[in-house]
Amino acid sequence: MDGENQSVVSEFALLGLGHSWNMKVLLFMIFLMLYFVIVTGNIVIMTLIITDPHLHSPMYFFLANLSFVDMWLSSVTTPKMITDFLRENKTISFAGCMCQIFFAHFIAAGEMVLLVVMAYDRYVAICKPLHYSTIMNLQKCIGLVVSSWTVGFVHAMSHIVVIVRLPFCGPREIDSFFCDLPLVIKLACMDSYNLDLLMNVECGFVGITCFILLLISYTYILLSVHQKSKTGASKALSTCSAHISVVVIFFVPCIFIYVCPLNITWLDKFLAVFYSVYTPLLNPAIYTMRNKEMKIAMKRLWSYYMGSQGKT
């Protein structure tokens, strides 16, 4: 299409969730409360890990980074979704839309790699306990976290440099609560089949590779420990169960949205809400409720807080 026949799209319209006013008010209250819990819960985890010397180990270092990532993963889309429930015209600027796409993929891909790093940490801790402190030293831990952010940045940039150059000249309605990459591509004034395929392959390379590495890691951990003792296998399963739960609830929605899209509008919206809202919400609950050391740390923090209040 010739450039002179195109009009520049300066903003997109988000159709969002819900249609009736009563439903929008209800959703506003629900997601506002959920977002508050997400931010508060993840900040509490980071605070516990930073302030409690008993939690100064590689596993909790990675957990603090996961909480930080989850908080921002939700913050990319949720605040906009919440405010849009009370707006008649739910629009987002072209620049704002591109920012949502970039940061959503930057943070999500970074979290995928971080989960692989956490699986590697558990492998070393369970299968090579005598060498754990040597292998997982502070320098290596920082390097692994930086690597996860680097992969996320490269992944997001590979999308955004293509998307910003697409010709948007007509339809501007996005049937979602945020600028979801597949839906934005469909608005381009061109045959988007090849581009859709390319994006699915690129997302699949990152997502499926990380998912397979995670399955192999945890399977190897359980099998290797099971050969030594059944009691050890039970303990390893208990240790890794929280990690496995997070992996499943995070990867499955991402795979069905970006790698093997079902193209069912209501299901796509549900999956998008699940990985951008419920995953960051469930992570604090999973790691605190299933982790004895985190529970003890929370009790210590609560006792310290109550003691300070009593003195005042």
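Here are a few worked exercises on strands, disulfides and cavities in this structure.

The model is predicted, so a local feature needs pLDDT of at least 70 and a side-chain atom pair counts only at pLDDT 80 or more, while totals for chains, interfaces and linings use all residues. Residues are numbered from 1 along each chain as its sequence is written, and side-chain values use heavy atoms, with hydrogens and water left out.

**Exercise 1. Work out which strands β1 joins, and which way they run.**

Step 1: Helices (H or I, at least four residues) and strands (E, at least two) are DSSP runs, numbered from the N terminus. Two strands pair if DSSP finds at least two bridges between them.

Step 2: look at β2. Strand β1 (residues 11-14) and strand β2 (residues 91-93) are antiparallel, with three bridges joining them.

Step 3: look at β3. Here two bridges link β1 to strand β3 (residues 173-174), and the two run parallel.

Step 4: find A13. This residue stands opposite T91 in β2, and A13 also stands opposite E173 in β3.

**Exercise 2. Find the disulfides and say what each one ties together.**

Step 1: count. Taking a disulfide as a pair of cysteine sulfur atoms within 2.5 Å, you get two disulfides.

Step 2: take C97 and C179. They are joined with an S to S distance of 2.1 Å. The torsion about their S-S bond is about -125°, so this disulfide is left-handed. C97 sits in helix α3 and C179 in the loop between β3 and α6 (181-186), so the pair ties together parts 82 residues apart in sequence.

Step 3: check burial. Buried means under 20% relative accessible area, exposed over 50%, and partly exposed in between (1.4 Å probe, protein chains only). C97 is buried at 0%, and C179 is buried at 1%.

Step 4: do likewise for C169 and C189. Their sulfur atoms are 1.9 Å apart, and the link is left-handed, with -130° about the S-S bond. C169 lies in the loop between α5 (138-163) and β3 and C189 in the loop between α6 and α7, so this pair ties together parts 20 residues apart in sequence. C169 counts as buried at 18%, as does C189 at 19%.

Step 5: write the pattern. Counting bonded cysteines along the chain, it reads 1-3, 2-4.

**Exercise 3. Describe the largest cavity and the second largest cavity.**

Step 1: set the rule. On a 1 Å grid over the protein atoms alone, a cavity is a set of points where a 1.4 Å probe fits but cannot get out; lining residues have an atom within 4 Å of a point. A volume is the space filled by probe spheres set on the points.

Step 2: count. There are three cavities of 30 Å³ or more.

Step 3: take the largest cavity. It holds about 130 Å³ of space. Of its 13 lining residues, H105, M112, H155, C203 and Y258 lie nearest the centre. Helix α3 gives the most to this lining, with five residues.

Step 4: take the second largest cavity. Its space is about 50 Å³, and its lining includes L14, F85, K90 and F177.

Methods:
1 Å grid on protein atoms, 1.4 Å probe; cavity = no way out; pocket = protein on both sides within 12 Å on 5 of 7 lines; lining within 4 Å.
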